[in-house]
Amino acid sequence: MRVLVCLKQILDPDVPARDFEIDPAAKAAKRGGANLVTNIFCENAIETALQFREAAADAKITALCYGESTAEDCLRKAMAMTVDEACLVQRDGNTNPDAAAVGRVLAAAIQRLEQDGGPFDAVLVGRESGDWGTGQTGGALAEELGRPVLGFVESLAPGNGSVTLRRQTDVGIEVAEAEPPFVVTITNNEDNVPRIPKTRDVMMSYRKPLQKLSLADLGLDSDEIRSGSSNFEVEEIFVPTDEVECELAEGDTLDERVDQLARKIHEVVASIG
Amino acid sequence: MANVAVCVLGSFGYDRAAQGVAGAGRALAESVGGELHVLVVGPAEDGAVAALSAAADRVLIGGNEELRDVQPEQALQAAEQLHAAGGGDYVAVLLSNDTYSQEIAPRLAYRLGGSSMADAAAIRMDGDHLLAQRTAYGGKAISIYRLKKQPSVVWLRARGFEPAPEQASAGEVTSIDLALDAPRIRITGREVAEQEGVRLEDAQIIVSGGRGLGGPEPFQELRRLANTIGAEQGASRAACDAGWVPPNWQVGQTGKKVAPELYIAIAISGASQHLLGMGDSKVVAAINTDADAPIFKHCSFGIVEDYKQVVPLLTEKLQAMAG
């Protein structure tokens, strides 16, 4: 079995709101003092793939990223988590390409890697990113590849010629059977928390192969891909200022304060009827 | 002529989400001087069909029996075929925010040669383009996207939109026979989470607990409060990730997007990803020990106090008030 995990490098989403600023010219967040990190759902996807490999024994995992040269860090970290090999497609042009452009680039890279190493049975992507978070890449990629996709998957298990998927929906867990090749988007649960790489594996990660490809290598050296905005672009972005005045319960004693709160809650509840 | 389509799942009926999507569709259709068509994926009950036709100019139903229990691959195929059956000249196809609709949207856009966007809280046309407003950076920013290709296929924060008004005359209802392939990924089992009371998304009142509760036991105390005022229970991501309550209680960016009349946040600091899930609440009340917690910038009223002191007393007082 061959498994491919797509990664995205993003600004650390845990930057506190007070340190968050928009660059109006770039129509994106300012980097400021924020670190660049691997998107958390992508790390959940790595962990899910590693657990699948542990159950399937002979599986091999490749990590793929479309990003700046800084994204090499994400791929090294993935290999330190014991992913077998990695590929970086160097981003050129728009730093915030739309999902359609990303889907095309990832699909072309996957097809290139498959020419060399055989087909990927499963392609894993994070359900959404912690920056723009539109959650469209998995669907766009699956359509580019002409493969089926299931969203919000939390685990993969080897079955009899197929792979058993568990996924989260609005109404509970769904179990599905997927015939390779297929695409899944990965969500988090308590079992796919990304592992911390061991020191030895961090050292070893530098000996693992990291292939670099350019858009030209993939035959995608076009203005359309470089602009990354044929489907959508950011028209406007701002930090909301819709903070409301909160009326805090006042009074000398706890009982008085809670009484005030109770009356306000009762008023709203009674108005609902 | 340019029309607007909304695409709903028949098995979900004309719920609050479908009403909101139809409402958003009607407003958009009026702005372009076109009709509102409803594409119904899978069989729907008569009452739901009647309500949809009262809201729309045309209703196209793909009622194939195999769509009753949704298979995502077939639902996508159905949406594509219903789109064609409706004439295909749509400026936009709007969907709801259930799991299936979320995964259909980008794929349907691809197949129709259009643009897709997720989780829109407001939409409008600007010339030939649709502008969709949503949150970005985990709720820290609001972004407005310009969708450049038609149709714009957008799933909406459905319950945040006003329901569609009833039309003077009901729209024509047509049944479409769909040709569906066997799905390559097949849902074989569903473990439906125990649903006590109504779905969180449809709840009028929600009592949510967060990290500050420190463990699963305090949720029992919150349950007494919830029962007193007829509320459903929710939780923050921290509480769900810790395993204190089931994952389907989670309100937030990657959990449920709720829109109750009253949302009571207890021991929840108000991280932007949580605010994103509760942002459509009409009235928010907060109980937190930290006066500087962000939640106090996003609530109508609150109390700076330890929940342990407040909740039992509050429950007692509300019981007395309810008589």
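1. In this predicted model, the contact between helices α5(B) and α8(B) is made by B:E221, B:L222, B:R224, B:L225 and B:T228 on the α5(B) side, which meet B:V311, B:P312, B:L314, B:T315, B:L318, B:Q319 and B:A322 of α8(B).

2. As to geometry, α5(B), residues 218–228, and α8(B), residues 307–322, pack at an angle of about 20 degrees, and their axes are 9 Å apart. Angles under 35 degrees count as roughly parallel, and the two helices α5(B) and α8(B) are therefore described as roughly parallel to each other. The crossing of α5(B) and α8(B) is left-handed.

3. Turning to the interface between the chains, 66 residues of chain A are in contact with 69 residues of chain B. On the chain A side, the elements that give two or more residues are α4 (137–145), β9 (149–158), β10 (163–169), β11 (172–178), β14 (232–238), β15 (247–248) and α7 (254–272), and the largest share, 12 residues, comes from α7(A). The chain A residues that touch chain B comprise 36 nonpolar, 15 polar and 15 charged.

4. Elsewhere in chain A, helix α2, residues 72–80, contains the buried residues A:C74, A:L75, A:K77, A:A78, A:M79 and A:A80, with the lysine A:K77 listed among them. Just after α2(A), A:T82 takes a positive phi of about 90 degrees.

Methods:
Residues are numbered from 1 along each chain as its sequence is written. Chains are lettered from A and ligands numbered from 1 in the order in which they are written. This is a predicted model: local features need pLDDT of at least 70, side-chain atom pairs count only at pLDDT 80 or more; totals for chains, interfaces and linings use all residues. Two residues are in contact if their C-beta atoms, placed from the backbone, lie within 7 Å. Helices (H or I, at least four residues) and strands (E, at least two) are DSSP runs, numbered from the N terminus. Ala, Val, Leu, Ile, Met, Phe, Trp, Tyr, Cys and Pro count as nonpolar, Asp, Glu, Lys and Arg as charged, and the others, Gly among them, as polar. A residue is buried if 20 or more other C-beta atoms lie within 10 Å of its own, exposed if 12 or fewer, and partly exposed in between; C-beta atoms are placed from the backbone. Axes are lines fitted to C-alpha atoms, for helices over the stretch in contact, and angles run from 0 to 180 degrees between N-to-C directions. Angles under 35 degrees count as roughly parallel, over 145 as roughly antiparallel, 65 to 115 as roughly perpendicular and the rest as oblique. A crossing is left-handed if the near helix is turned anticlockwise from the far one by less than a right angle, and right-handed if clockwise.
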